[in-house]
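Have your viewer ready and try each task before reading its solution.

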Amino acid sequence: MSKIADKPSQTAENLEYSAFDPSKATDQVYAAADKGVEQSKEVLAKFQSGAEETQKALKATFETAILVGNELCLTTIAALRANTEADFSLLQALAGARSLAEAIELQTTFLRKRVEMGVKQANDLWALTTKAVIDISQPVKGAVEKSLGNLKAA
């Protein structure tokens, strides 16, 4: 006999349907919705926390930028003042020179000192600018690293 013939015929009378309970389905939908709402609340809380941290980092960055900007301005003003004083000192010395040879020697000495002073001022400004970049970027760097760490954890 064939395998098909061995099976009893299935009719509506001998089939059993699993009982469908709408109240259980509703409970499952509510449970899924509640879980979605809780997850959304958690994501929103993390987002708000991240936004607050970013705001604090930006505020610290702007405050640091103001302080560094002031320091750069004061350093630049001090360099300009030193240069101006050196220029007037040279003019005063040249006015008192008794010979052309003395004037040339004063000018030569002045130029040598001026180059040394310019190199020192440039190095000072370079160091200050480098420090400023590090100081200004530090709060933002910390906030970004923390945010990335939170994203990896999530």
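The exercises below concern a predicted model.

**Exercise 1.** Find which element has the lowest mean pLDDT and which has the highest.

*Solution.* Next, go element by element. Helix α1 (residues 3-6) has the lowest mean, 52, while helix α3 (residues 100-153) has the highest, 88. A word of care: where pLDDT is low, the predicted coordinates should not be read in detail.

**Exercise 2.** Classify the contact between the side chains of aspartate 87 and arginine 114, and locate both residues.

*Solution.* First, take the N to O distance, which is 2.5 Å. The cut-off is 4 Å, so the pair counts as a salt bridge. Then place the partners: aspartate 87 belongs to helix α2 (residues 22-95) and arginine 114 to helix α3, 27 residues apart, so that the pair links distant parts of the chain. Finally, check accessibility: aspartate 87 is partly exposed at 32%, and arginine 114 is partly exposed at 23%.

**Exercise 3.** Is lysine 120 buried or exposed, and how far apart are the closest N and O atoms in its salt bridge with aspartate 124?

*Solution.* Begin with the distance: the closest N and O atoms of lysine 120 and aspartate 124 are 2.8 Å apart. Both residues sit in helix α3, and because they are four residues apart, about one helical turn separates them. Now compare accessibility with the cut-off: exposed means over 50%. Lysine 120, with 52%, is exposed, whereas aspartate 124, with 37%, is partly exposed.

Terms used
Residues are numbered from 1 along each chain as its sequence is written. This is a predicted model: local features need pLDDT of at least 70, side-chain atom pairs count only at pLDDT 80 or more; totals for chains, interfaces and linings use all residues. Side-chain values use heavy atoms; hydrogens and water are left out. pLDDT is the predictor's confidence in each residue, from 0 to 100. Helices (H or I, at least four residues) and strands (E, at least two) are DSSP runs, numbered from the N terminus. Buried means under 20% relative accessible area, exposed over 50%, partly exposed in between (1.4 Å probe, protein chains only).
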